[in-house]
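Here is a friendly briefing to read alongside the model.

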Amino acid sequence: MARTRTVYRCGECGAEVAKWAGRCAACEAWNSLVEEVEQALAPGIPGGVPTAAGVPMPIAEVDTDAWSPLPSLVGELDRVLQGGLVPGSVTLLGGEPGIGKSTLLLQALAGLAGTGRRCLYVTAEESAQQVRMRAERLGTLPPNLLLVADTALPHVLEHVESVQPDVVAVDSIQAVYDPVLSSAPGSVAQVRHCAHHLVRASKQRAMASVLVGHVTKDGALAGPRVLEHLVDTVLSFDGERHHALRLLRATKHRFGSTDELGLFEMGGGGLQGVPDPSALFLADRRPGTPGSVVAPVLDGHRPLLVEVQALVTKSRLPTPRRSAQGLDSGRLALVLAVLEKRVGAAFHDADVHTVVAGGVKVVEPGADLALALALVSAGTGEPLRHDLVACGEVGLGGELRQVHQTARRLAEAARLGFRRAVVPASAPADAPGLEVLRAATLAEAVLLASS
Ligand code: TYD
Ligand code: MG
């Protein structure tokens, strides 16, 4: 008879301990250990040791033809994956509920089915009817796309066996469970066990798999690092719920770089790629508004022009408000302190609101200078020229530091019709079509920008 045992497993890192504790000894997360009752299988590997899958051969003779990526025809997804889904690979698609994971998956499978690939969509959360209705809404019902609603892992593997698909998608991995384990669906043990079986099936059949995974509030994939180790590619899909913009990034990719950014807009007909994001971000900009400065930032390899806005009002609060949307609040505090100490612009009795318009998040320091200029302009009420961009990092001494790839950033600004750029004195680039104003310090930049 099979033995049962109780273990405590960390929900963060998957570590297993025999006794409960308030803190995981492996990853030091607090209150993350959950009780799991595991039924041990018969001793040894289920199904016995597999026979050797291949023979050692010279590296140059390893055949790679069957492993070239399959394009999904969803351009932005293929851009992030650098070609498409690789046969035999497993991709984890993570994102918050409602962000559009199922929509992206359905569009990708429809694209793959359209190019003659056999695709199997296993829906473990929604009914087959719901998925069909979504597919109708997206205007795509290809015959090569097979759909099944199931949650039990053995059934999923049976379906894979009978359909022999080129691509299988499981939506979501947290909803699939294996009855041989007594722990609840969605528990770390179940998620890891099910993912492991699907990874093995993918490798054996040279079938590309996509697993959908929900993320927890703090942005980690639920059942988190455990899954990230198992799969070849981890995609994260995010965006502001209230904006239509969605951003797709690879945080791990065994078949290429993780630098590419995919941009989509969620609309009535599903997700549409955004070929010219800078123009989209700047579409609603009103020239002549104080506190508005455009910054060319870089996301992966992609230069993006974003509008940094600041609003400065007299504060009636004992501790004035500081808000930073789409910006790092630490960078805002730093830029305010440098402005006060090195430029003589004081904001201590003012409420300061700053925003990156359009729902994008700027994490790099390249937007510091634009933020500083926007704050000064908002404080004085004097708008800056609307054809001006600014990029550079602000140092604590009030000095300006260059950021990487200034030339590409300025080229994007010139393409969108900007005529002047304020950059750090050390920045290497001159840009055709742009008057480049060089400043060694933030104080100089403030003077140059308002001249
Ligand atoms: P969904 O793909 O179900 O998200 P997830 O799988 O990540 O939970 O999409 C959820 C949202 O997308 C939902 O609120 C409706 C919206 N949506 C559109 O706006 N247009 C569309 O064409 C589709 C299919 C969905
Ligand atoms: Mg979904």
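On a 1 Å grid over the protein atoms alone, a cavity is a set of points where a 1.4 Å probe fits but cannot get out, and its lining residues have an atom within 4 Å of a point. By that rule, L77, L81, L85, T91, L93, L104, L105, A108, L109, V210 and L235 line the largest cavity. Please keep in mind that this is a predicted model, where local features need pLDDT of at least 70 and side-chain atom pairs count only at pLDDT 80 or more, while totals for chains, interfaces and linings use all residues; side-chain values use heavy atoms, with hydrogens and water left out. Residues are numbered from 1 along each chain as its sequence is written, chains are lettered from A, and ligands are numbered from 1 in the order in which they are written.

**Overall picture**

- The chain has 11 helices and 21 strands; helices (H or I, at least four residues) and strands (E, at least two) are DSSP runs, numbered from the N terminus.
- The C-alpha trace spans about 80 × 50 × 50 Å along its principal axes.
- Of the chain's 451 residues, 49% count as buried; buried means under 20% relative accessible area, exposed means over 50%, and partly exposed is in between (1.4 Å probe, protein chains only).

**Cavities**

- How many cavities of 30 Å³ or more does the structure hold? There are 3 of them, with grid points joined across faces, edges and corners and a volume being the space filled by probe spheres set on the points.
- The largest cavity contains about 100 Å³ of space.
- Elements that each supply at least two residues of its lining are α1 (75-81), β4 (90-95) and α2, and the largest share, 4 residues, comes from α2.
- By class, this lining has 10 nonpolar, 1 polar and no charged residues; here Ala, Val, Leu, Ile, Met, Phe, Trp, Tyr, Cys and Pro count as nonpolar, Asp, Glu, Lys and Arg as charged, and the others, Gly among them, as polar.
- The second largest cavity holds about 60 Å³ of space, and L327, D328, R331, V362, V363, E364, P365, A367, D368 and L371 line it.
- The lining of the second largest cavity divides into 6 nonpolar, no polar and 4 charged residues.

**Ligand 1**

- Which of the 15 residues around ligand 1 come nearest? They are G98, K101, S102, T103 and G267, where a residue is near a molecule if one of its heavy atoms lies within 4 Å of it.
- Backbone N or O atoms approach oxygen atoms of the ligand at G98, with a distance of 2.7 Å, at G100, with 3.0 Å, and at K101, with 2.8 Å.
- Taken alone, ligand 1 exposes 560 Å², and the protein buries 73% of that; the areas come from the Shrake-Rupley method with a 1.4 Å probe.
- Two or more residues of the shell around ligand 1 come from each of α2 (101-114), α3 (128-137) and β11 (261-267), and α2 gives the most, with 3 residues.
- The shell around ligand 1 is made up of 3 nonpolar, 8 polar and 4 charged residues.

- S102 has its place in helix α2.
- S102 counts as buried because its relative accessibility is 14%.
- The side chains of S102 and D171 are joined by a polar contact of 2.6 Å; such a contact is a pair of N or O atoms within 3.5 Å, and within protein one must be able to donate a hydrogen and the other to accept it, with residues adjacent in sequence counting only if both atoms are side-chain atoms.
- The peptide bond from D171 to S172 is cis, with omega near 0°, and S172 lies in the loop between β7 (167-171) and α5 (188-205).

**Loop residues to look at**

- L73, in the loop between β3 and α1, has a positive phi of about 65° although it is not a glycine.
- Is L73 buried or exposed? It counts as exposed, because its relative accessibility is 58%.
- A206 is also not a glycine, yet has a positive phi of about 50°; this residue sits in the loop between α5 and β8 (208-214).
- At 32% relative accessibility, A206 counts as partly exposed.
- A18 belongs to the loop between β2 (16-17) and β3 (33-39) and is exposed, with a relative accessible area of 64%.
- The C-alpha atoms of A18 and T6 are separated by 7.5 Å, with the two residues 12 apart along the chain.

Terms used
1 Å grid on protein atoms, 1.4 Å probe; cavity = no way out; pocket = protein on both sides within 12 Å on 5 of 7 lines; lining within 4 Å.
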